[in-house]
Amino acid sequence: MVRTSRSSGILLHPTSFPGRFGIGDLGEDAYRFVDFLVRAGQGLWQVLPLGPTGYGNSPYMSFSAFAGNPLLISVEDLVKDDLLAQADLDNPPSFPGDRIDYGMVGLFKWLLLLKSFQRFKSGSYSARRDEYESFCGEHAFWLDDYALFMALKEAHAGDVWARWEATAARRDPDALEGWRRKLSKKVQFQKYAQYLFFKQWGSLKTYCQEHGIRIIGDMPIYVARDSADVWVHRHLFQLDDRGSPTVVAGVPPDYFSATGQRWGNPIYHWDAMARSGYQWWINRFRINLSLVDIVRLDHFRGFEAYWEIPPEEPAAINGRWVKGPGADFFKTMENALGELPVIAEDLGVITPEVDALRDQFGLPGMRVLQMAFGNDPKAPEYRRENHIQNCVVYTATHDHNTTVGWFTAEPGKETTQTKEEVEEERANVLKYLGTDGSEIHWDFIGVALGSVAQMAIFPLQDILGLGTRDRMNRPGTAHGNWEWRYDPGLLTEEIEQRLRKLTTKYDRISR
């Protein structure tokens with residue numbers, strides 16, 4: 001259950017903020033964006049998962065379900081805190097302006113964070129060191145293992161944990177103790193980076209709260225195989241003796257892919273999860289809800305039934321549905337944490353059983369306007385006249401094309417539809433909206449704002465009227481995703497006032 005007044009907001013991941021250092025961060029541009037939300041009358045800011053990313057840079061494939069992404073740390077704020085010198089930031093590399101080069105950013109930022117850590121250790125920062133020690137103690141239940149995991153990963157040239165030295169991979173106690181001693185400085189550095197992230201994010205969250213902005217976070221159902229979570233809790237996942245998955249996650253063919261998606265994540269051993277009282281999940285929810293106000297639970301349908309694929313299968317289509325933990329899971333979460341402020345991501349192959357599980361716990365589902373005009377049997381459900389109050393309406397999500405890109409896409413390139421299907425869908429859109437489509441993004445934003453849905457969300461790309469080149473992710477592709485950044489000059493006063501006027505018209509203005 002999400003208790004909120006009628007409201008609206010923008011989907012934008014912090015990596016997409018502008019700035020000098022190649023990637024968005026938690027510094028001044030983040031605060032400027034919050035100020036923009038306030039002036040535009042918005043009350044919600046939705047982000048993607050905040051964890052540290054690995055291969056492919058996907059926030060849905062993090063090294064930890066608990067940690068924050070150190071690349072989001074503002075190095076300019078470290079100068080303000082006297083943890084770096086201004087000279088340290090002079091002459092940065094020539095980063096691309098509108099895309100993220102993760103390799104360049106990683107090399108640059110990790111060197112600065114290491115320099116900051118050395119300064120922190122050697123300087124007179126007794127109050128901050130006390131704060132750091134307190135943070136480490138409070139978060140020890142996940143931080144100790146995560147920091148060692150990352151230090152070990154570096155010691156093994158970045159290799160996946162299953163290919164480490166055998167005693168480290170299987171977490172032999174004597175071997176781990178030896179590694180802790182050997183890598184103690186690197187372990188401390190990883191903890192320091194997390195301390196900085198949580199401190200900067202906490203300050204930004206407080207600023208949001210002071211200005212009436214609620215943050216919607218995002219919790220992927222699965223975790224990456226190459227993660228501290230799987231390395232530490234192997235018994236909670238379906239793995240063989242070598243640490244390889246015996247089945248992997250994905251979805252069958254659906255709206256997003258005609259052949260399905262093979263994600264490759266290990267799947268939970270739900271019986272073992274249940275025997276532990278779902279404690280790992282309780283801890284995960286607790287950490288996430290300390291960082292955000294509302295959680296979008298990604299791939300909600302996997303809690304009712306999930307699609308498992310044999311690991312040797314190269315494609316997703318040869319899988320099967322297996323029952324998930326269902327109501328027992330959510331009852332346990334509520335007993336431990338109280339009423340859950342959760343949005344159920346209920347897109348894809350959704351059955352009556354999934355709908356019933358969502359409704360049993362009063363969770364709002366999602367209605368995506370781009371999915372409302374095609375031939376999918378669920379398309380009518382996404383149209384405004386069929387929305388319900390307890391849902392969240394989106395013009396698009398991070399997995400969709402931008403609305404302008406979707407409306408102008410060529411068959412066979414950005415869509416799997418035939419030319420005839422595309423033409424029919426566009427005709428349906430124009431007829432439904434009574435528009436010529438010249439400002440299709442504002443048409444969709446107006447429909448979303450006018451919906452009875454309690455919350456309305458639109459990606460910043462739709463506010464700016466951007467095309468396909470500026471989409472965030474193309475599901476089923478491994479490269480070129482999660483790189484988009486916006487030009488701050490695009491957030492004009494005209495756009496701000498237009499959004500505020502529409503938001504006021506439809507009684508969603510944040511007061």
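Colleague: Which elements each supply at least two residues of the lining of the largest cavity?

Modeller: In this predicted model, β3 (214-219) and α11 (279-291) each contribute at least two residues to that lining, and the largest share, four residues, comes from α11.

Colleague: What makes the space inside it a cavity, and what is its volume?

Modeller: A cavity is a set of points where a 1.4 Å probe fits but cannot get out, and the largest cavity, which is counted on that basis, holds about 260 Å³ of space. Of the 27 residues that line the largest cavity, those closest to its centre are P49, L50, G51, A65 and N288.

Colleague: How do the residues of that lining divide into nonpolar, polar and charged?

Modeller: The lining of the largest cavity has 19 nonpolar, six polar and two charged residues, whereas that of the second largest cavity has seven nonpolar, eight polar and two charged ones.

Colleague: How do you know that the length of helix α1 agrees with its number of residues?

Modeller: At 1.5 Å a residue, the twelve residues of α1 (residues 28-39) should span 16 Å, and because the end C-alpha atoms are 17 Å apart, the two values agree.

Methods. Residues numbered from 1 in each chain as written. Predicted model: local features only at pLDDT ≥ 70, side-chain atom pairs only at ≥ 80, totals over all residues. Heavy atoms only, no water. 1 Å grid on protein atoms, 1.4 Å probe; cavity = no way out; pocket = protein on both sides within 12 Å on 5 of 7 lines; lining within 4 Å. Points joined across faces, edges and corners; volume = space filled by probe spheres on them. Nonpolar A, V, L, I, M, F, W, Y, C, P; charged D, E, K, R; others polar. Expected span 1.5 Å × (residues − 1).
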